[in-house]
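The sequence and structure are shown first.

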Amino acid sequence: MEIPKKDLKILWGRAANRCSICRKELSADKKHDTMSYPIGEQAHIVAENEGGPRGKSILLQKERASYRNLILLCPTHHTEIDKAPTDFPIERLHMIKQEHEDWVRESLHGFPGWDVPIQEEKYLRDDKEVRIVNFVKEWLDFLAFFDLFYTNIYSYLLRSDKKLNDLPRTDILEWHKRRGILRELLFITGEKNLVVKKFISWVQLKSEDSYLSEWNYETPFSFILDFINPIAMVNLHGLAVWNASGISKEYIEGLSWKYPGVKMLYLKI
Ligand SMILES: [Zn+2]
């Protein structure tokens, strides 16, 4: 059974392209600089089939081909563990793998880009269009909420007898939740991937609002999502935020020309 791409990515990434036993650097394919690096081999801990080394196990075919059952090795050590399976039982190989991954993590600790949280792996293996569509879908949901939310805060601010108890509390919690999700999606998608052309309305809004021009936000998305306190946002930058939310729809229209998945979503609004 073929090993899924995502499992290969995780295995090679966590082992940092090195043999888990001798830590020699490995190359992933035969075309690449094989003079200096041996080819890496993703060895099965429990063999692919019952008859292979350490093959007697209740693991299913699919589990045998997954990251958890694989260990990255150089050709020499791959041969060694399969020729002498009794010297390299399942538990020992899991231990070697774990120690190697711990060593990688400690050696690389503090390097930017390394500490990718596990839950992001799901997003990272999706392709660009899927990430864009996910962001747009979440954003359109957010806009439907945002229109009413904005109006509620605005009418609260207009009241002469403002009491803290009158604040739309559940809406504010909702705002924080949605903002958190969208910020994460925006980061994963890459803001520049949401820009298909220059939008004059955005350039103009930026030139009219001193806060906006000072911070030079790339899109209305990052501008709106930057506000931690929605009351202050509406109070101090209300008009700019309101206009930005409208302009964000132009960005989505732009994306709909390029991505059929976005077009389907755009046609519904
Ligand atoms: Zn080795």
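## Terms and model

A crossing of two helices is left-handed if the near helix is turned anticlockwise from the far one by less than a right angle, and right-handed if clockwise. The model discussed here is predicted.

## Helix H6

Helix H6 spans residues 128-158, 31 residues in total. From its first C-alpha to its last it reaches 43 Å, close to the 45 Å expected at 1.5 Å a residue. A bend of about 30° is found at Phe146.

Phe146 is also one of the buried residues of H6, along with Ile132, Val133, Phe135, Val136, Trp139, Phe142 and Ile153. The cover over these buried residues includes helices H7 (169-189), H10 (220-225), H11 (230-258) and H12 (260-267).

## Packing of H6 against H11

Two packed helices are described by the angle between their axes and the distance between the axes. For H6 and H11, the axes come within 10 Å and cross at roughly 150°. Because angles over 145 degrees count as roughly antiparallel, H6 is roughly antiparallel to H11. Their crossing is left-handed.

On the H6 side, the residues that meet H11 include Ile132, Val136, Trp139, Leu143, Phe146 and Tyr150. On the H11 side, the residues that meet H6 include Pro230, Ile231, Val234, Gly238, Trp242 and Leu255.

## Asp82 in helix H3

Asp82 lies in helix H3, residues 75-83. Is Asp82 buried or partly exposed? Asp82 is partly exposed, because 16 other C-beta atoms lie within 10 Å.

Pro53 is 29 residues from Asp82 in sequence, yet the two are 5.7 Å apart in space, C-alpha to C-alpha.

Technical notes: Residues numbered from 1 in each chain as written. Predicted model: local features only at pLDDT ≥ 70, side-chain atom pairs only at ≥ 80, totals over all residues. Helix = DSSP H or I, 4+ residues; strand = E, 2+ residues; numbered from the N terminus. Expected span 1.5 Å × (residues − 1). Bend = angle between axes of the 7 residues up to and from the residue. Buried ≥ 20, exposed ≤ 12 C-beta atoms within 10 Å, placed from the backbone. Contact = placed C-beta atoms within 7 Å. Axes fitted to C-alpha atoms, helices over the stretch in contact; angles between N-to-C directions. Parallel < 35°, antiparallel > 145°, perpendicular 65-115°, else oblique.
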